[in-house]
Amino acid sequence: MDDGLWIFLALAGVAFMFLGPIGLFLTIGARRRLEVAERKIRALEARLPAVQGPPTAAPATQTGQAPSAEQPEDIMPWGGWKVAGASDSIGMAESPVLHGQKTEPVEPPPFFAQPPRRSLEEALGAHWAVYVGGVALALGGLLLVRYSIEQGWFGPGARVALGLLFAFILVVAGEVLRRREKTAGVALAAGEPVNSTLTPAVLTAAGTIAGFGAIYAAHALYHFIGPAVAFVALGTAGLAAMSAAALHGPALAGIGLAGTLATPLLVQSDTHDAWPAVIYLAIVTAATYGLARLRTWQWLAVAGAAGAIVWGFTLSLGGTESAHANYVYIVIQTALACLVFTFDHRIVGPEQEAKHDLVPTLGPLAFGWLTVVVLLSGAQSGAFDLAWILSGAAVVAIFSVTGVLALPAAGVIAGAGILVLAILWIWPGDAEASEAVKLVQDVLWVWFTPLEPRRFYIFATLGPGLVAWLSGITLYRGPDRPMPIALVYAGASTLTPLAALALAYLRLTHSDASLPFGAIAGVLAVAFLLAAIAFRQRLSEATQPALLLGLGAMASAALAALALGIVFVLDRGMLTVALALAAFGATIVESRLSIPALRWAVAGLGLVVAGRLAYEPRIVGADLGATPILNWLLFGYGVPAVAFGLAARVMRRASGEDLPVQIAQALSVIFSTLLFFFEIRHALNGGNPYARGSGLIEQGLFATTSLGFSLALTRLDTMRASPVFRFASLAFGVISALVSFVGLGLIENPYFSGEVIEGGLFFNAILLSYGLPAVLAVALARMADGVRPKWFVIGARITALALVFLLATLETRRFFETDLIGWAKRASEAENYAYSAVWLVLGIVLLAFGLWWASRELRVASGLFVVAAVLKVFLYDLAQLQGILRALSFIGLGAVLIGIGLVYQKLIFPRSSQT
């Protein structure tokens, strides 16, 4: 009974002083501001006769004109923007003209004010000393309680009561000191010196900590109060501490926030109902945001949002038991975040002054990320129902309205579009899927047929429709908006429905042909076309950059929707082709209407296509058809290659070389490369471009293709200078050299691989694989001379020389052997002799061409073949050949060397007969 009486008296004291109404502190703060305002008014009244002009003088503005009577009086500058509804009693600037005498306007404090910087001495002596003293005071109280427990002085009830009493004393002491300093604050307004301290705030903070500890001990240690009472008591203590922080400072606010957020974890209960925590956390977050708004503490608002997000993650771990409460939680928290982070960013002044702001944008978007996590957790735990859908739709709607009302937070409506796509992506799928589909379930839900298809249809229609409609209307009605903000609205209004249509198509048809989706894409194209016509009509009234952007975006979206419809109808249609066609369509619109922003839309589409290629280079699937060249590869890679090539050409003619042009050029080159690569693989591997292994002809065609691309791009770069063509030509030259030396010289060399040589004695796979690349390497070396780096030209010459050597040597062996020319077969004496003769003939031929073209490089190449023949004759033929062949080998070598020497003496380095 004694313990219960102690607890009752302690709780009554806490309820009276420590857990009192929140409005008490706000009222005290309002009275202080009222007293300060009264003294300011009296001071102004005392100064008024001194500054008052003649009674007949009319007020004049700086330019001599009368002030406009239409200027609203309820609009004030606030944090850089003009905000409607600001009260005159909160920092309203004084009139710029006071009876003919100009005075400087008084700027009100911004929403999130920054405190003045303190010196090191002030920080250590005046602030940290007080903070450490408060911590020491709180620890001293805890140690005193521990000592009393060890000595057995009091029972459990008395300990709790004494803890509450100690907290009460500290809070009262802090309030008494604060009231004394309140009088000092009034003196400060009158111009009198004041010496204020942090002691009241520290004492109140220490009392708050002690009160939390006493209440928690009464619940968790001694079980005097149940979970409900403890929950209410702890939460009320935290809220009261945050309310008192409006008067005592930020330290107490942080303590109160930490205590209120930790309360649901501190209270032990046998039930697992999450609804009380959801309601409680909503109240706590709202109080935190309100205090942050009242005292302009940005850190407190961010901390409250972070705590709300952490609790959202925590509730998502509860499975189906807490899923529905968590759905409501994310809606409430998203609405509160949008309200507090964007409240002071509603523009009523000139729209062209609006700028993107990270605080009102990233704050709400963080809860969009939380929404995706919560919905994904609910879907995986089986808590998928109408509440799942409605909560996601509610967050999308909140984001959309927020992004429209607050121009600096325009990015929030783009987040709404991304959230719509994320929900369509993670929408739970049918468990009755094939084994191949189940294999990728953890990564790509997009391949599953969605549950509740009708609701999926509705959400896929209304969600993107809301984002597109609000964005489009905002862009249409605001022609004065800056281009960065207008670009956000244009992207949200066009990309969101297009991407949603593509996702719905993938989830419902699995990339099969679909006439209904083709019709839907056609309807969407018509809608975008009508929107483009509306923007065009508005442009006839006033030409504004934002309207031009809207016209281009809607026209491009119409083309993109039409391309999507074509792909949906075709049997092998893919999104990559549609995006490429959309990029080309946007280029045509940009060239006709001169809308520079559309060039970056083309670049954006190009980057999306590049990402698609990186994810899956085989963009048209595995069933390509068995016909070489004329198969679905030609459609899947050829159409994008031509589309991006034409887009780059059109944009370059219109506005010159820039980054969008270079992106289009690069994609055209990449698609062309992949087309040749996969067509070669497809033709030489029975229609399977992903077959393992390779062959001599395939490597030869790869070398030929690489050299051909390097030649063509070098030629294009000389005609129209382009860094893309320059870099690509160098890259293909290096690739061709690697394929020639590694692929043709080592791995697929028939002498090492033992591969059967297809064809006859001379016209065979060796001639195709080595001869054609050799000719192209010679052509590349000649074309690149003077327009490419020296190392590149030398590399092309060495590649050509190596290919010619391999061609001559392997053809010689093929002449003496059958279709198998591997190293296992020993060469005859005639074959060994033939190698020496062929190398000498090659040297003579190259020397002749070197003389004809006056090419030192060809003469050097000739010397290399001659040196190779000399080394072979002396090092190999002398030991291996017998009889007449050994003699002929040396005789022929000697004759050729003498002839070459005469040629050099007479034609290349002639000497006078007198020397």
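Is Phe 732 buried or exposed, and what is its relative accessible area? Phe 732 is buried, with a relative accessible area of 9%, where buried means under 20%, computed with a 1.4 Å probe on protein chains only. The model is predicted, so local features need pLDDT of at least 70 and side-chain atom pairs pLDDT 80 or more, while totals for chains, interfaces and linings use all residues. Residues are numbered from 1 along each chain as its sequence is written, and side-chain values use heavy atoms, without hydrogens and water.

**View 1. Stacked rings of Phe 709 and Phe 732.** The ring centres are 4.9 Å apart and the planes lie at 15 degrees, so the pair is stacked (centres within 6.5 Å, planes under 30 degrees apart). Phe 709 belongs to helix H23 (residues 696-719) and Phe 732 to helix H24 (residues 723-747), 23 residues apart; helices are DSSP runs of H or I with at least four residues, numbered from the N terminus. Phe 709 is also buried, at 13% relative accessibility.

**View 2. Edge-to-face pair of Trp 791 and Phe 792.** The centres are 5.9 Å apart with 85 degrees between the planes, edge-to-face being over 60 degrees and the six-membered ring being used for Trp. Phe 792 counts as buried at 4% relative accessibility.

**View 3. Packing of helices H11 and H13.** H11 (residues 358-380) and H13 (residues 411-426) pack at an angle of about 10 degrees with their axes 10 Å apart, the axes being lines fitted to C-alpha atoms over the stretch in contact and the angles running from 0 to 180 degrees between N-to-C directions. H11 is therefore roughly parallel to H13 (under 35 degrees).

Notes:
Helix = DSSP H or I, 4+ residues; strand = E, 2+ residues; numbered from the N terminus. Buried < 20%, exposed > 50% of the residue type's maximum accessible area, 1.4 Å probe, protein only. Parallel < 35°, antiparallel > 145°, perpendicular 65-115°, else oblique.
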